[in-house]
Amino acid sequence: MTRILGINGSMRPRSSADRALQFAFKVLESAGAQCEGFEIGSLPLMDGRPEDQYPAAVGAFRAACSAADAFLITVPSYHGAIPGGLKNALDFIDLPHAGGKPFALIGIAGGDAEPGVTDTARVMRHIGGIAAVPDVVISRASEHWGPGDQPANASVKIAIAKVAEDLVAMAELRAAGKLPQP
């Protein structure tokens, strides 16, 4: 079974990014994937201290990343960029945790969601992830998602379903040794 690690780039419960992640999990699970989320709010700031001085949450995050076959990251944009908490979380992982693994991004923001997605894709590629599926970018979220647990816009539902299907397919290709290895 394909294991997808979901990372919510917003630490606010019931944020649009959180609701998008939960919706995508349902789609992924219906495609046969096993989904697990990690709360990045449990991570301390990365500050360069020796590895053994970080709390257990860092080891748990790295272990979850290592165990995952693929990543699904929901990305809000704050002031035209990746949220600091998400960037901090991604700074704790590297090639051994993410190398050669496909990832998918769902950007969702009240304004322009694209800048956060671009930043996150660049970081994930830098640590060896494979951007193997198109991003879903939901700008002006109140118009396209709304207050509920599902997108209000049918096109957004279709885009998330397609990305979920493609992410599972890419993870299966990786498991079969058909994707480049770092």
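## Glycine 128

Glycine 128 counts as buried, at 19% relative accessibility. The cut-off for buried is under 20% relative accessible area, so glycine 128 falls on the buried side. The model is a predicted one. Glycine 128 sits in the loop between α5 and β5 (130-131).

What does glycine 128 touch, leaving aside its neighbours within four places in sequence? It is in contact with Leu95, Ala98, Gly99, Gly100 and Lys101. Serine 10 is elsewhere: its C-alpha is 23 Å from that of glycine 128, and the two residues are 118 residues apart in sequence.

## Helix α7

Helix α7 covers residues 154-175. Its 22 residues should span 32 Å at 1.5 Å a residue. The end C-alpha atoms are 32 Å apart, which agrees with that expectation.

At the start of the helix, asparagine 153 makes a polar contact with serine 155. A side-chain oxygen of asparagine 153 comes to within 2.7 Å of the backbone nitrogen of serine 155. After α7 comes glycine 177, with a positive phi near 75°.

The buried residues of α7 are Val156, Ile160, Val163, Ala164, Asp166, Leu167, Val168, Met170 and Ala171. An α-helix has 3.6 residues a turn, so residues three or four places apart point the same way. The buried residues of α7 pack against strands β1 (3-8), β3 (70-75), β4 (102-108) and β6 (136-138). They also pack against helices α1 (16-30) and α6 (141-144).

## Helix α1

Helix α1 has 15 residues. From first C-alpha to last it reaches 21 Å, close to the 21 Å expected at 1.5 Å a residue. Of its 15 residues, 11 are buried, so α1 is largely enclosed by the rest of the structure.

Which residues of α1 are buried? They are Ser16, Ala17, Asp18, Arg19, Ala20, Leu21, Phe23, Ala24, Phe25, Val27 and Leu28. Their packing partners are β1, β2 (34-38), β3, β4 and α7. Just after α1, glycine 32 has a positive phi of about 95°.

## Where α1 meets α7

The axes of α1 and α7 come within 9 Å and cross at roughly 50°. That angle makes α1 oblique to α7. The crossing is right-handed.

Which residues make the contact? From α1 they are Phe23, Ala24, Val27 and Leu28. From α7 they are Lys157, Ile160, Ala161, Ala164 and Val168. Phe23, Ala24, Val27 and Leu28 are also among the buried residues of α1. On the α7 side, Ile160, Ala164 and Val168 are among the buried residues.

## Where α3 meets α5

Helix α3 (residues 84-91) packs with helix α5 (residues 114-126). The angle is about 5°, and the axes are 11 Å apart. Angles under 35 degrees count as roughly parallel, so α3 and α5 are roughly parallel to each other. Leu86, Lys87 and Leu90 of α3 make the contact with Thr120, Val123 and Met124 of α5.

## The loop between β3 and α3

Serine 77 lies in the loop between β3 and α3. Is its place buried or exposed? Serine 77 is buried, with a relative accessible area of 13%. Its side chain makes two backbone links. A polar atom of the side chain lies 3.2 Å from the backbone oxygen of alanine 113. The side chain also reaches the backbone nitrogen of glycine 116, at 2.9 Å. Not counting residues up to four places away in sequence, serine 77 touches Ile108, Ala109, Asp112, Ala113, Pro115 and Gly116.

Histidine 79 lies in the loop between β3 and α3 too. It counts as exposed, at 87% relative accessibility. Histidine 79 is not a glycine, yet its phi is positive, about 50°.

## Arginine 14

Arginine 14 is in the loop between β1 and α1. Its phi is near 65°, a positive value in a residue other than glycine. At 47% relative accessibility, arginine 14 counts as partly exposed.

Conventions:
Residues are numbered from 1 along each chain as its sequence is written. This is a predicted model: local features need pLDDT of at least 70, side-chain atom pairs count only at pLDDT 80 or more; totals for chains, interfaces and linings use all residues. Side-chain values use heavy atoms; hydrogens and water are left out. Helices (H or I, at least four residues) and strands (E, at least two) are DSSP runs, numbered from the N terminus. The expected span of a helix is 1.5 Å times one less than its number of residues. Buried means under 20% relative accessible area, exposed over 50%, partly exposed in between (1.4 Å probe, protein chains only). Contact means heavy atoms within 4.5 Å. A polar contact is a pair of N or O atoms within 3.5 Å; within protein, one must be able to donate a hydrogen and the other to accept it, and residues adjacent in sequence count only if both atoms are side-chain atoms. Axes are lines fitted to C-alpha atoms, for helices over the stretch in contact, and angles run from 0 to 180 degrees between N-to-C directions. Angles under 35 degrees count as roughly parallel, over 145 as roughly antiparallel, 65 to 115 as roughly perpendicular and the rest as oblique. A crossing is left-handed if the near helix is turned anticlockwise from the far one by less than a right angle, and right-handed if clockwise.
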